[in-house]
Structures are given as C-alpha cells and as structure tokens.
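Dear colleague,

I am handing over the structure below, and after it you will find some notes on what turned up. Please read them with the structure open beside you.

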Amino acid sequence: MKKYLAYIRCGFLEGCAYRSTFITGMLANFIQAVVLYYVWKSIFAYQEIVNGYTWEIMRQYVFVAFLCNSVFSMGFEMNIAERIVKGDIILDLLKPLSYRGMLFFRMLGTAGMEFAVTFLLIGSIYLAVNGTRYLSGIRAILFLISLFLGMGVKFCIQYLFSLLCFYTDNSYGVTKAREILTNFFSGALIPLSMFPGVLRELVRYLPFQGIVYTPCCVFIGTFSIEECVSQILLQIVWILLLSLAGTLFGKKAFGVISMYGG
Amino acid sequence: MIEVQDLKKEYKIAKKSAGIAGSLKHLIMPKYETLEAVKGISFHINEGESVAFLGANGAGKSTTIKMLTGIMKPSAGNIRVMGRDPFANRIENARKTGVVFGQKTQLWWDIPVVESFNLLKNIYALSEEQYVRNMERFSAILGLNDFLSQPARKLSLGQRVRADLAASLLHEPPVLFLDEPTIGVDVTAKQKIYAFLKEVNQEKKTTILLTSHDMKDLESLCHRLIILERGKILFDDSIEKLFDRYDGGMTLEQIIIELFEHGTDAVSYVEEQEI
Amino acid sequence: MKGLEGMKKCRKYIRLYILFQIQNIKSLAQYRTDFLMMVFFTLFSQGCNLGLIGIIYSNIPEVGGWTMWEIFLLYGFLLFSEGFINFFFQGAWKITNMIHMAELDRFLVRPVPVGLQLLTAKIDFDGLNKMVIAAAVLIVGFIRCEVRWNPVKVILFLLFLLEACVIRVCMIWIASCVSFWMEGKKNSLNYFVISLGEMAKYPLIIYPPVFQGIFGYLIPYAFVSYYPVGYLLGKAETGAGAFIIPFFCIAMLAASCLMLRAGLRNYESSNY
C-alpha cells in the first residue's frame with residue numbers, strides 16, 4: 001500500500017509540475033462551457049422549456065458538467081505513447097507492481113490537484129450564478145460518490161485507449177479521438193436527454209454517460225433518489241466490465257512490445 | 001575583417017524564490033538580476049587569420065560567437081564583420097559567413113544529408129558549377145559519400161560534424177565561425193576535421209574563428225589565442241608568445257591551467273603590453 | 001529598379017517556401033504515419049462537433065436568429081482557416097519550441113528571412129482533411145441557405161476566406177512570439193487563442209457586450225467567421241463589419257512583423 005501512496009504523491013506533484021498543461025486544457029473546456037452557457041441563454045430567451053429543461057436547470061448543468069469533465073482531464077495516452085517510442089515503457093513494466101495500478105494511483109494524485117483547482121473556480125462561479133438554493137446534503141454526498149466513480153470509468157476508458165498506442169504512432173490522434181468521444185457521449189457538452197431518438201437510446205448503452213451525465217443529474221436533481229442509486233450501481237458495473245476488457249486487451253498489447261525491441 | 005569594440009552582453013535572469021508563494025510574488029513584482037556574460041571586450045581580426053577562443057564554461061565564448069554571427073543583439077558596443085553590423089544586416093552577413101555549432105546540427109533532421117545540401121544550394125543561390133565543385137572536394141576530403149543518403153538523425157556525431165562543416169562552407173564564405181565543433185568527436189574524426197580546416201584556411205584564405213576545449217588541436221590550426229575569463233579578455237596574442245611567457249617544458253594545456261589559476265598575473269601581462 | 005528587385009526577391013522567397021514545404025513532406029514520409037487513421041480521426045471529431053450543433057438544433061429552431069445551416073457556415077469558415085494553417089503555415093506553432101531549444105540559431109545564420117523559415121518549420125497533413133471537410137460543409141451550407149450568388153459575391157467569398165486564414169495565422173503567430181519574453185518552456189497562449197475560436201462558432205450577438213468587444217476587436221475572431229458569413233447571408237446586424245476586415249488583416253500582419261522583430265532583439269539563445 002505504501003508504494004501506491006508514493007504514486008499518489010508522485011501524481012500530485014506531476015499535476016503541479018504540469019499545471020500549465022492542465023490549466024490550458026481546463027481553460028479550453030471552460031471557454032466551451034461559457035459559450036454553451038450563452039448559447040442556451042439566447043435559446044431560453046425565446047422559449048421557456050427545451051426538452052424538459054428550464055433555464056434554471058440548464059445553467060446549473062453547464063457548470064456542474066464542466067466540473068465533472070475537468071477533474072482528471074489530463075490524459076496519459078501521450079505520455080505512454082512517448083514512453084513506448086523511447087522504449088522507457090520497459091522500465092515501468094519491470095517495477096514490482098501492476099502497471100495499471102501505478103497509472104491509477106498516479107491519476108488519483110493528479111486528479112486531487114485538478115479537483116482542488118476546478119472546485120474552487122466552479123464552486124465560486126456556481127454560487128455567484130445560482131446561489132445556495134438548489135443545494136442539498138444527501139445529493140451532495142451521492143454526487144461525490146458518483147463523481148469518483150465517474151473518474152473510475154474515465155480511467156478505464158483512457159487505459160483502453162492508451163493501449164492502442166502500442167499499435168499506432170499517432171498518439172495525438174488517439175488522444176483527440178478519446179477526448180472527443182468522451183466529451184460528446186458523456187454529456188459534458190449537452191444533457192444526454194436532449195439527444196434525438198436513436199442516439200438517445202445508444203448512449204444509454206454506452207459507458208460514457210457515467211463520466212459526466214450521471215454525477216450531473218445526481219447533483220442538479222433531474223434524477224430521483226432511487227434513480228441516483230441505480231445509476232451509481234450502473235457506473236460500478238461499467239467499471240468492472242471495462243477493467244476486465246482492459247486486462248484482456250492489456251495482455252495482448254504488452255505482447256507487442258517485443259516488436260519494438262526495447 | 002572582424003572588428004569588435006567594447007562589446008557587452010547582459011542577460012536578465014529572473015530572481016524567483018521557491019514555492020508557489022514565490023511564483024506568485026514573481027508574477028506580480030518580478031525581480032531580475034543582470035548577469036554580465038561579456039564585459040566590454042575589444043579585438044581585431046585580419047583576413048586569413050585563424051583565431052581560437054579559449055575559456056572555461058561560462059566565460060562568454062559562445063555568447064561572443066552568437067553576437068558575431070548576428071544571432072543575438074549586443075547590449076552595448078560595436079561589431080563590424082566585413083564592415084557590416086551582423087545583427088542589423090543579418091541576411092547580408094549570413095550570406096558571407098559560415099557557422100558550425102558542435103552541439104546542434106544545421107542540417108534538416110529527417111531528410112537525407114544530400115537533400116539538405118541541395119536546399120542549402122538554393123538558399124545561398126549557388127550555381128550548379130560551384131555546388132558540384134565544392135561537393136566533390138568536400139566529399140573527397142571529409143568522406144561524405146558514406147552517409148550522404150542517410151537522414152541527419154541517423155549520423156554518428158563525427159559524421160554529423162563533418163556534414164555540418166561541409167554545409168557551412170558550401171557557399172565559400174570569407175569568414176567561418178565554429179563553436180566547439182569537435183566536442184565529443186573521436187580522435188580520428190577530429191584529425192580529419194582539423195586538417196580540413198587548416199587547408200581551407202591556407203588555400204582559400206578563409207578567416208577562422210573557433211572556440212574549443214581541445215587545446216592540443218588548436219595548436220596545429222590556430223596561430224592566435226584569445227583567452228576569455230568571466231567575460232573579459234585575459235590574453236590575446238600568438239601561441240608562441242604564450243609559450244615564451246612560461247618555461248619551455250610546459251604544454252599548452254598546463255600553461256592554460258596555470259593562467260586560470262593565477263588569472264590576475266595574466267591580466268597585468270596584457271596591460272603591460274598595452275603600455 | 002527597386003520594384004524589380006523586390007519582385008525578384010519575392011519570387012525567390014516563394015520558390016524557397018515551396019522547396020521547404022517539399023522537404024517537409026519528404027521528411028514526413030520518413031515516418032510510418034497512419035494517414036488513413038488520421039483521416040478517420042479528423043472525420044470523426046469534426047463529425048462530432050457538427051453533430052453537437054445538430055443536436056442543439058433538434059430541440060430548437062434557431063440560435064440568436066441563425067438557423068442550423070447558417071451556423072454550419074460559421075463553422076466552415078473556422079475549420080477551413082484552421083486547416084489552412086495546419087497545412088501551409090504549421091510552423092507558426094513551433095516558434096515557442098524553436099526559441100527554447102535554441103533552434104532559432106540555425107535559422108538566424110542563413111540568408112533567408114527568419115519568418116519564412118519559421119512558417120515552414122513544420123507541416124501537418126491533417127490540414128488537408130480539415131480543408132476538404134470545411135469545403136464540403138461550406139458548399140452544402142450555401143446551397144441550403146439559398147444564397148443568391150453573383151460574380152462579386154463569389155470574389156468576396158474567396159477574399160473573406162483568405163482574410164480569415166491571414167487573421168488566424170497572425171493570431172497564432174503573435175501569441176507564439178510572446179515566448180520571446182517568457183521564461184517557461186511552455187507557452188499556453190497560442191492554445192488559449194485557439195480555444196477561444198470556440199466562440200466564433202456561434203453568432204456574436206448572443207454574447208454580452210464585453211465579450212462582443214473582446215472578440216470583435218481585441219482577439220478578432222468575429223472577423224474570421226461572423227462578419228463575413230453575416231455579410232454573405234445578408235444579415236442586417238453584421239452591417240459594415242465585413243469591410244473593415246482588410247484593415248484588420250493589414251494591422252495584424254504589421255503587428256506580427258513587429259512582434260518578430262522585437263522578439264529577435266530580445267532573443268537570448270539559451271545553451272541547452
């Protein structure tokens with residue numbers, strides 16, 4: 001356990017060291033959130049309800065979604081790809097602990113840093129825009145649980161994508177594709193219930209909703225408490241399924257290393 | 001050929017205290033320290049001379065070379081290379097000078113060396129005849145043919161420096177600057193390089209100015225030494241004069257160690273000369 | 001006499017530009033790049049971006065008085081200019097890198113303008129994909145919006161597109177040149193400028209006046225998409241904005257040149 005604590009610490013320090021990358025990424029997401037805020041604002045100026053959402057709910061959604069999306073926004077695909085190309089990945093694999101475990105705990109540390117920064121920023125903006133009237137204790141707790149699980153889902157997805165880097169040297173493309181995939185299908189940009197027909201059905205059966213949409217809905221109250229619990233359980237199921245996939249794919253992918261000759 | 005008067009270069013270095021608080025403080029009220037890398041040096045180099053700059057790390061050699069080549073703007077003082085200010089007339093100056101940095105290549109990293117040469121031919125607008133003549137000559141002396149078809153990133157250090165050297169001389173510049181050209185290069189390659197430089201210097205009357213740590217090789221190539229220490233000139237004269245100052249049995253290397261250790265004596269030596 | 005000399009110089013530089021770019025293409029060929037994969041990724045991500053707009057519009061008829069296809073036109077202008085930079089002037093992105101690795105040194109000892117060498121320092125084939133997608137979006141968009149074309153409008157359209165590219169290259173250029181005065185190895189400013197492009201995907205009027213001011217004049221994204229498209233669509237609110245664009249282009253080109261000059265004066269080639 002002690003060595004994993006060391007990795008959390010290491011991840012936290014890394015997060016601090018690469019804060020400019022993080023801040024740039026966060027700013028980009030933030031600008032997107034601000035743009036969507038004004039787009040929705042101009043839409044709600046003409047009509048009161050869009051697909052069941054009122055302006056009151058929507059303006060909470062935009063900020064909470066941004067918070068969920070920013071925590072652990074730094075992908076590690078590029079990092080892994082770089083280590084594969086340089087051959088440094090061998091060094092990671094030689095360490096007496098699971099590669100995925102190491103990545104996970106490093107991520108936890110980094111996410112801690114990111115969470116602190118985004119939480120301060122978004123918390124204050126949220127309070128300035130919405131005040132305290134929508135907050136409730138039980139939902140806040142469920143939200144934190146759901147947010148944490150959402151990070152787990154995101155980690156599993158990133159891990160799967162980073163394994164792709166063993167097969168292609170276009171790590172930038174892999175990272176971008178993953179980013180866009182998660183942004184689009186997780187509800188980071190737009191509530192999933194606004195998706196039209198078939199697409200709405202599709203996202204229901206994808207893991208991405210667990211990253212942003214689930215915690216968001218838990219917090220702003222579009223889920224009833226029972227729904228919250230069942231959705232949180234669904235997140236856990238997805239984490240289990242995705243980590244199983246990660247293990248299977250990982251076994252195959254690490255076999256490729258010999259091709260690079262170290 | 002090259003005239004330098006009271007040349008100075010100051011760097012601004014941020015003074016930051018450690019930690020986040022320190023960074024924040026720096027953001028609001030940045031504090032800078034000025035570091036004088038070159039503290040007012042003057043010298044004069046004639047056509048066809050070959051001069052070596054010697055000095056410890058941080059003595060100001062590279063900074064001086066970078067100002068002479070027009071890469072950096074001097075903080076104060078005057079430089080004339082063939083009558084021109086190299087920073088203000090950068091393009092004109094570049095047309096008439098060749099530069100080799102031992103630490104990094106000027107060749108295109110990912111394309112075969114021969115393609116790099118071809119690009120340089122276009123950049124310097126060389127005639128086909130001049131290009132072919134020089135390429136043949138350089139290939140023969142420096143043995144370029146072995147690796148012309150390889151991309152620069154695949155060359156060994158010795159090969160790379162040889163290719164860089166050829167690249168910098170392709171347009172037959174009257175002045176050649178070399179900044180630690182043979183750093184890390186093995187002995188045989190080094191010999192080839194210095195023999196080639198000597199030939200260029202003698203046949204084409206190319207003025208050569210180089211910095212190096214390899215004192216032994218300098219002896220064979222350069223007749224004049226400029227020794228820098230902390231941005232000032234300690235010694236500027238022929239190598240023989242330096243030997244004369246010390247007992248005959250000492251090698252150049254020993255003399256220079258001696259010189260650095262008793263720096264003040266040497267300064268007084270220069271001053272005596274001026275009187 | 002002087003004009004003739006200038007022409008000659010110009011021709012020489014264009015020739016060098018082409019030569020440098022050909023070398024870039026050759027050096028890319030040295031690597032095993034998955035071109036098909038890149039095409040796929042780009043198609044996918046741009047599809048998602050367009051899909052997002054589509055989803056918003058599946059719920060509502062218009063945003064700020066603009067229909068979906070009109071918004072797609074804004075997107076087309078943005079994407080085209082982005083692809084244009086990627087393909088023709090991707091080097092503008094590398095300035096920061098060049099400064100901190102002291103790679104600028106080798107550019108400075110060659111008798112070719114530094115700006116030209118910087119702009120051609122890199123090439124990104126993805127730009128081609130983006131330009132093709134953008135062109136398709138623009139064509140379909142203009143058909144759907146039933147724009148009445150006449151020769152003047154066609155010329156204006158091409159001019160607008162060119163101006164959009166120029167403005168965006170200059171934006172990245174200026175943001176990158178700030179690195180001359182920064183100590184850190186990273187300059188996030190150019191990413192920030194790119195991220196702000198998100199704003200230009202929607203009509204300027206939906207933003208509060210402060211933002212309108214910023215994007216209208218300080219970081220002139222409004223001139224990349226909003227004003228030209230608004231003019232072509234005959235939107236009243238965009239007014240005469242489209243006719244100021246050339247002045248903005250000239251001002252930004254001048255600012256870019258000045259930034260580079262001032263930066264080079266400040267350049268301290270580091271010894272890394």
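Is helix 3 of chain C mostly covered or mostly uncovered? Helix 3 of chain C is mostly covered, with 17 of its 21 residues buried (20 or more other C-beta atoms within 10 Å of a residue's own, C-beta atoms being placed from the backbone). Helices here are DSSP runs of H or I with at least four residues, numbered from the N terminus.

This is a predicted model, in which local features need pLDDT of at least 70 and side-chain atom pairs count only at pLDDT 80 or more, while totals for chains, interfaces and linings use all residues. Residues are numbered from 1 along each chain as its sequence is written, and chains are lettered from A and ligands numbered from 1 in the order in which they are written.

In chain B, helix 2 (residues 61-68) is also mostly covered, since eight of its eight residues are buried, and B:Gly70, which follows this helix, has a positive phi near 85°.

Between chains, 19 residues of chain C are in contact (C-beta atoms, placed from the backbone, within 7 Å) with 25 residues of chain B. On the side of chain C that touches chain B, the largest share, five residues, comes from helix 1 of chain C.

With best wishes

Key
Buried ≥ 20, exposed ≤ 12 C-beta atoms within 10 Å, placed from the backbone. Helix = DSSP H or I, 4+ residues; strand = E, 2+ residues; numbered from the N terminus. Contact = placed C-beta atoms within 7 Å.
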